[in-house]
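Hello,

Here is the structure I promised to pass on. My notes follow below it.

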Number of protein chains: 2
Amino acid sequence: MKILVTNDDGIHAPGIQTLAGALRKVGEVAVVAPDRERSAVGHALTLHHPLRAVQLGADIFAVDGTPTDCVNLGIHNLLSFKPDIVVSGINRGANLGDDVTYSGTVAAAMEATLMGIPAFAISLVAQGPGTHYDTAAEFAARLALQIHEKGLPNDTFLNVNVPDLPCDSMLTSRITSQGRRRYEGTIVGKLDPRGQKYYWIGSAELSFLDLEGTDFHAVSRGHVSVTPLHLDLTNYTSFHVLRGWDLK
Amino acid sequence: MKILVTNDDGIHAPGIQTLAGALRKVGEVAVVAPDRERSAVGHALTLHHPLRAVQLGADIFAVDGTPTDCVNLGIHNLLSFKPDIVVSGINRGANLGDDVTYSGTVAAAMEATLMGIPAFAISLVAQGPGTHYDTAAEFAARLALQIHEKGLPNDTFLNVNVPDLPCDSMLTSRITSQGRRRYEGTIVGKLDPRGQKYYWIGSAELSFLDLEGTDFHAVSRGHVSVTPLHLDLTNYTSFHVLRGWDLK
């Protein structure tokens with residue numbers, strides 16, 4: 001099994017290093033990741049300037065772009081093989097609920113799916129720097145083997161969140177739905193030394209609706225959450241309502 | 001009706017100016033938009049540096065951030081009112097199929113939806129600079145009135161694509177599903193004047209699968225395409241498959 005590993009915390013983050021190590025036990029691993037942190041970039045592609053790739057080792061590349069750029073560049077140009085699977089992470093901090101749409105980690109898995117390659121994103125549910133990346137890495141290796149053996153449903157990738165607990169804590173997994181964030185955007189407005197106003201988008205204490213069956217519900221009870229996401233955002237159930245509108 | 005208008009082509013693009021003009025006939029309009037082009041930024045939030053907003057007129061602000069930043073900053077800090085509806089566009093070029101996940105225009109509507117405000121994104125299906133923004137603007141005004149009157153289904157926003165045709169060409173609209181792109185990523189690799197390699201992500205001639213009922217199918221036959229999108233990316237149909245996996 002040939003595996004491409006990427007992330008959005010940057011190539012030197014502890015999560016990607018632990019992940020690559022665990023995956024090397026089950027397959028051949030290449031790493032193509034951003035040269036620095038690229039959080040909250042969503043599914044962004046760099047179109048307006050050229051990208052550079054620095055080779056740091058055999059099949060290890062740092063790119064000055066987004067996770068989505070890394071998947072593109074890795075598969076089209078940098079790697080000597082086409083991966084059987086793309087794994088993105090281990091993200092420092094959870095990717096739950098609506099936040100998946102902002103996540104560079106999740107977007108990398110989405111990009112691979114668009115290219116027809118099975119993929120998953122994996123995140124450590126930690127508030128600070130995170131401790132037990134090895135627990136998530138071990139789960140990732142097991143999941144990669146299952147995906148390689150069984151394949152994923154069409155146009156579908158997995159978003160995995162693992163509690164920050166020791167390997168021997170007997171975690172169990174749940175197949176979940178994408179939860180719902182309680183929206184609490186906060187923006188700090190301040191004056192710079194020259195008296196000019198500036199704004200900083202802050203992250204309020206994140207909170208989610210505690211709905212049974214969701215990703216948040218599972219991880220907050222100590223389970224690994226595995227959410228199947230797909231590329232089709234269409235809300236088919238609203239067709240009949242909209243067709244009654246007077247739009248011409 | 002109070003309307004917040006934004007886009008990803010930048011505040012000086014012809015699309016947003018025509019749009020704001022048409023919407024002023026049906027409501028009170030504020031404009032908060034990026035100070036320059038921010039295409040393909042996806043649902044990106046600026047977290048790593050402060051944002052500046054320059055006031056260009058009554059309720060008109062240019063922000064040095066992404067469309068998602070603009071919606072946040074507009075609603076939380078800049079505007080004197082909470083909008084009843086957010087309209088993003090008129091984008092220069094279509095936003096069809098899987099490409100909606102890259103689109104800053106669509107992401108702005110998604111952000112408003114997360115905040116509980118009805119929203120739609122609107123794009124002109126043009127290859128070059130685009131000609132008939134007035135046709136799309138007129139459709140936007142009519143659609144805004146319908147949304148204000150009837151509301152949108154829960155957690156749902158609309159992605160609208162309008163053919164680049166004159167106002168009097170009697171366009172009809174179709175409620176469509178998100179189409180599927182034929183994946184053709186191209187990356188150009190070149191050497192700079194110092195002999196160092198660089199890469200540029202190119203856009204191949206875009207093509208989509210011509211599936212009946214999709215956004216692409218509608219616009220390529222001269223119809224306005226209206227696609228209801230929602231925030232929940234969960235692929236519920238794959239639950240039974242994944243629950244059979246051996247993950248512990």
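What is the order of the strands in the open sheet of chain A? It runs β3-β4-β2-β1-β5-β6-β7-β11-β8, nine strands with mixed pairing. β3 (53–57) and β8 (173–175) of chain A each have a single partner strand, so they stand at the edges and one side of each is left without a neighbour in the sheet. From one strand to the next, the twist averages 20 degrees.

Before you go further: this is a predicted model. Chain A has a mean pLDDT of 92. In that chain, 98% of the residues reach 70 or more. For the complex, the predictor gives an ipTM of 0.89 and a pTM of 0.91.

Back to the sheet, with one strand pair in detail. Strands β1 (residues 2–6) and β2 (residues 28–34) of chain A run parallel. Four bridges join them. A:Ile3 has A:Val29 in β2(A) as its bridge partner.

Next, two helices that lie across these strands.

- α2(A) lies across β1, β2, β3, β4 and β5 (85–92) of chain A. Its direction is at about 130 degrees to β2(A).
- Helix α4 (residues 133–150) of chain A lies across β5, β6 (119–125), β7 (156–163), β8 and β11 (224–230) of chain A. Its direction is at about 160 degrees to β6(A).

One residue deserves a look: A:Thr66. Where does A:Thr66 lie in chain A? It is in the loop between β4 (60–63) and α2 (67–78). Is A:Thr66 buried or exposed? Its relative accessibility is 5%, and buried means under 20%, so A:Thr66 counts as buried. The side chain of A:Thr66 reaches the backbone oxygen of A:Ala44 at 2.7 Å. Leaving aside neighbours within four places in sequence, A:Thr66 is in contact with A:Pro34, A:Arg38, A:Val41, A:Ala44, A:Leu45 and A:Thr46.

Last, the two copies. What superposes chain A on chain B? A rotation of 180 degrees does, with 0.0 Å of shift along its axis and an RMSD of 0.0 Å. That is the relation of a two-fold axis. In chain A, the C-alpha of A:Gly42 is the nearest to the axis, 2.6 Å from it. Both copies use the same surface: 100% of the contact residues of chain A recur in chain B.

Best wishes

Definitions and conventions
Residues are numbered from 1 along each chain as its sequence is written. Chains are lettered from A and ligands numbered from 1 in the order in which they are written. This is a predicted model: local features need pLDDT of at least 70, side-chain atom pairs count only at pLDDT 80 or more; totals for chains, interfaces and linings use all residues. Side-chain values use heavy atoms; hydrogens and water are left out. Buried means under 20% relative accessible area, exposed over 50%, partly exposed in between (1.4 Å probe, protein chains only). A polar contact is a pair of N or O atoms within 3.5 Å; within protein, one must be able to donate a hydrogen and the other to accept it, and residues adjacent in sequence count only if both atoms are side-chain atoms. Contact means heavy atoms within 4.5 Å. Copies are superposed by least squares on the C-alpha atoms of residues with pLDDT of at least 70 in both. Two strands pair if DSSP finds at least two bridges between them. Axes are lines fitted to C-alpha atoms, for helices over the stretch in contact, and angles run from 0 to 180 degrees between N-to-C directions. pLDDT is the predictor's confidence in each residue, from 0 to 100.
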